[in-house]
Amino acid sequence: QDWEHAECAFHRAQKYGRQVIVEKYIQGSDFRILVVNYKFVAAALRTPATITGDGRHTIRELIDIANKDPRRGNGHDNILTEIHADDVCLELLKKKGYTLESVLPQGESLALKPTANLSTGGTATDVTDDVHPQNRSTCERIARNIGLGVSGIDVMARNLSQPLRETGGAVLEVNAAPGFRMHLEPTHGQPRNVAKPVVDMLFPNKSNGRIPIIVI
């Protein structure tokens with residue numbers, strides 16, 4: 001949002017590579033759209049790892065309470081991932097005037113990560129039925145242009161019920177190996193059997209999938 005932030009981000013990025021890409025900052029919510037065999041299949045709203053204060057527990061304790069959810073595990077072992085107070089989390093807290101020992105006021109929600117990835121403790125809400133037809137066709141065209149049979153398209157927008165060009169939304173990236181758990185078992189909303197269209201793509205017309213053996 002300002003030059004100081006840009007400099008900080010630049011030096012962080014240089015730890016991973018000599019070349020740095022600067023992109024326009026897009027505001028909105030974080031959505032993932034899944035396209036299989038060039039057809040729209042599902043969409044999810046992703047929310048960063050978040051805790052809500054009760055006026056009694058510290059932020060550290062609220063994180064521990066959140067991690068006791070049986071749905072949370074290490075990495076991709078479970079439906080959700082444990083929340084870790086890493087350097088990025090601590091920096092977010094510092095900007096908001098908090099530490100891990102701060103007591104969050106009753107009812108105040110606090111995002112602990114700058115991104116909504118499930119792998120960093122985020123949650124997902126199914127929004128498949130809310131996606132505007134124009135946004136569906138846009139994502140299908142993107143997948144076809146790239147040539148990916150299975151693609152996870154990350155979109156930043158106020159909502160998906162309106163065309164992206166009307167809301168100022170944008171496609172951030174296209175993932176070649178998207179995770180399915182946000183669709184199969186979303187934190188909120190209707191589960192979507194996104195594995196079926198993948199199997200149907202691999203074995204079209206009810207073929208048995210037999211691989212002919214030529215020689216042993």
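A residue is called partly exposed when its relative accessible area lies between the limit for buried, under 20%, and the limit for exposed, over 50%. The exercises below apply this term to a predicted model.

**Exercise 1. The nonpolar surface patch**

Task: Determine in which helix Val-199 lies, how its accessibility is classed, and which residues form a nonpolar patch with it.

Solution. 
Step 1. Locate the residue: Val-199 belongs to helix H7, which covers residues 195–202.
Step 2. Apply the definition: the relative accessibility of Val-199 is 44%, so this residue counts as partly exposed.

**Exercise 2. The overall description**

Task: State how many helices and strands the protein has, what box its C-alpha atoms fill, and what share of its residues is buried.

Solution. 
Step 1. Count the elements: the protein contains seven helices and nine strands.
Step 2. Consider the extent: along the principal axes, the C-alpha atoms fill a box of roughly 65 × 40 × 40 Å.
Step 3. Consider burial: of the 216 residues, 36% are buried.
Step 4. Consider the surface: the accessible surface is about 13600 Å², and carbon and sulfur atoms account for 52% of it.
Step 5. Consider the contacts: among those between residues at least 6 apart in sequence, 68% join residues at least 24 apart.
Step 6. Consider the charges: there are 26 positive and 25 negative charges, and their mean positions are 7 Å apart.

**Exercise 3. Salt bridges of Glu-91**

Task: Find which residues form salt bridges with Glu-91, and explain why the pair with Arg-12 ties together parts that are apart in sequence.

Solution. 
Step 1. Begin with Arg-12: the closest N and O atoms of its salt bridge with Glu-91 are 2.3 Å apart.
Step 2. Compare the classes: Arg-12 is partly exposed at 34% relative accessible area, and Glu-91 is partly exposed at 26%.
Step 3. Turn to Lys-95: Glu-91 also forms a salt bridge with Lys-95, with 3.7 Å between the closest N and O atoms.
Step 4. Consider the spacing: Glu-91 and Lys-95 are four residues apart in helix H3, so about one helical turn separates them. Lys-95 has 55% relative accessibility and counts as exposed.
Step 5. Note a network: Asp-30, Arg-32, Arg-46 and Asp-154 are joined by salt bridges that share partners.

**Exercise 4. A further salt bridge**

Task: State how many salt bridges the whole structure holds, and at what N to O distance Asp-54 and Arg-56 meet.

Solution. 
Step 1. Search the whole structure: 12 salt bridges are found.
Step 2. Examine the pair: the side chains of Asp-54 and Arg-56 meet in a salt bridge at 3.7 Å, N to O.
Step 3. Class the arginine: Arg-56 is exposed, its relative accessible area being 61%.

**Exercise 5. Positive phi angles**

Task: Give the phi angles of Asn-37 and Tyr-38, and state where Asn-37 lies.

Solution. 
Step 1. Recall the general rule: most residues other than glycine have a negative phi.
Step 2. Read the angles: Asn-37, which is not a glycine, has a positive phi of about 55 degrees. Tyr-38, likewise not a glycine, has a positive phi of about 65 degrees.
Step 3. Locate the residues: Asn-37 is in the loop between strand E1 (29–36) and strand E2 (39–47), and Tyr-38 is found in the loop between E1 and E2.
Step 4. Class the asparagine: Asn-37 is partly exposed, with 38% relative accessible area.

Conventions: Residues numbered from 1 in each chain as written. Predicted model: local features only at pLDDT ≥ 70, side-chain atom pairs only at ≥ 80, totals over all residues. Heavy atoms only, no water. Salt bridge = Lys/Arg side-chain N within 4 Å of Asp/Glu carboxyl O. Helix = DSSP H or I, 4+ residues; strand = E, 2+ residues; numbered from the N terminus. Buried < 20%, exposed > 50% of the residue type's maximum accessible area, 1.4 Å probe, protein only. Contact = heavy atoms within 4.5 Å. Areas by Shrake-Rupley, 256 points an atom, 1.4 Å probe, with all protein chains shown as cover. Lys, Arg positive; Asp, Glu negative; His and termini not counted. Charge placed at Lys NZ, Arg CZ, Asp CG, Glu CD. Patch = residues over 30% accessible without salt bridge, like charges linked within 9 Å, V, L, I, M, F, W, Y side chains within 5 Å.
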